[in-house]
Amino acid sequence: MNINLKRMLNDFSTIVSFTRTPNNGCTRFSYSYEDRQTREYLISQMKDLDLSIKVDAVGNIRAKYGMEIKKTSIMIGSHIDTVENGGKYDGLSGVLVALEIIRVLKEEQVAISHPIELIIFAEEEGSNFGVTMLGSKVLTGKYGTADLKRIKNGEGVSAYDIAKSFGLSVDHVEKDVLENEEVDAMIELHIEQGAVLETQNKSVGIVQAIAGMKTFKINLEGDSNHAGTTPMDLRQDPMAGAATIISHIRQVAKTQALPTTVATVGKIICQPNMPNVIPQRVEFFVDVRDVDSEGIDLIANALTEKVNAVTTEDNLQGKIELIGESNPVKLSSRITHAIEETASEYGYNYMRMNSGAVHDAAMMTDLTDVGMIFIPSMEGKSHSPDEYTRQEDIKSGGDLLLQVIEKLAVKTKETNQTSR
Ligand code: HGY
Ligand code: MN
Ligand code: MN
């Protein structure tokens, strides 16, 4: 069996058009107009397949094929939200491959031993609130109503209120949590978002571990003043303080942390943000990641020490807040073995690897056996309008996932095997 690439690409071009920034990448935040357009399109496709559809308290979409089979399901999918001016393939590839696999299983009337559940996680990117994987953290019980009320966007509106105004039954959060015995396995197909597969000349990555991360919000308050008349030694300048902290963290990540440790400052807010005014307040976010917690902790400690030192030296008010985190995880040997066995049986050009990006799949590892299939990102570009994955790579990744589903959830003549 193979996926129908042409049909899938039709889904792709339809959904890629749902963006707030046409001609400048995909901008499709969860709970936005573009998100609603995408949900309506995908839910109509799911209805055409007679899937049993459930949209949960924060907007995760669960659509089951083979509902009548009283067995734990095999869950496949990813996310549809993007960063600002993001790429076409991040998240969406995994969702559309999963939808296409269900179409093929139905079309070919394949006798499945487990229901196949398409999952679309909400707010994976953290574009609204700066907290990644909000949907999968709620689905797996890591976040509840209190967290949704605590987490706020740049205008101070909580995730709870945003979900409510989007029309979601956000008071059902605790009722919608995934139970342990609902899912036999979860597999997410995703673009690599790095350059390893391309440089190693491989078309498929079998993910063994997913990096963990911590996101810190640092707020520095100084004394706003005239840029021309304030002598340098009388300044309380939060932008100068932020610059000292940011370059220090870069230095520590490059020279004192582990080779797998990365630290990024990608968002900074300056008020009043005028060229001729010493700022009053500067707020910036530090994104720290590693497949080894030791690297994350090393940066976290260095950051706290530096914020304390700079606020004292520069006479600033400083506040450092951990706004989101996830642990590094190892993926299931059962599922990675099933993926590798299938890949070698069908002669795919694959390699085992780690993921430097975080993924919703990581949130599922304490509830079920999880695997990930990576497909190449050309020049390793992602979270950018230049993000590109070749059609033939989407096809081979999708075919491989379909063949793994055959192995895990299709009744075999001899054994009529069931796993759980
Ligand atoms: O940031 C990430 O790792 C993911 O793309 N949300
Ligand atoms: Mn993603
Ligand atoms: Mn992403």
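How many bridges join strand 2 to strand 4, and do the two run parallel or antiparallel? Strand 2 (residues 61-65) and strand 4 run antiparallel and are joined by five bridges.

## Before you dig in

This is a predicted model, where local features need pLDDT of at least 70, side-chain atom pairs count only at pLDDT 80 or more, and totals for chains, interfaces and linings use all residues. Residues are numbered from 1 along each chain as its sequence is written, chains are lettered from A and ligands numbered from 1 in the order in which they are written, and side-chain values use heavy atoms, leaving out hydrogens and water.

## Strand 4 and its partners

Two strands count as paired if DSSP finds at least two bridges between them. Ile116 of strand 4 is the bridge partner of Tyr65, and Ile116 is also the bridge partner of Ile74.

Strand 4 (residues 116-121) has six of its six residues buried, so it is largely enclosed by the rest of the structure. Buried means under 20% relative accessible area, exposed means over 50%, and partly exposed is in between, using a 1.4 Å probe and protein chains only. Ile116, Leu118 and Ile120 point one way, while Glu117, Ile119 and Phe121 point the other way, and all are buried. In a regular strand, side chains alternate between the two faces of the sheet.

## Around ligand 1

Some polar contacts (pairs of N or O atoms within 3.5 Å) show up here. A polar side-chain atom of Arg289 sits 2.5 Å from an oxygen atom of ligand 1. Glu125 has a side-chain N or O atom 2.9 Å from a nitrogen atom of ligand 1, and a backbone N or O atom of Val358 is 2.9 Å from an oxygen atom of the ligand. The protein covers 94% of the 210 Å² of accessible area that ligand 1 has on its own, by the Shrake-Rupley method with a 1.4 Å probe.

## A loop residue

Lys381 is found in the loop between strand 15 (369-375) and helix 12 (391-409); helices are DSSP runs of H or I, at least four residues. With a relative accessible area of 35%, Lys381 is partly exposed.

Technical notes
Polar contact = N/O pair within 3.5 Å; in protein donor to acceptor, adjacent residues only side chain to side chain.
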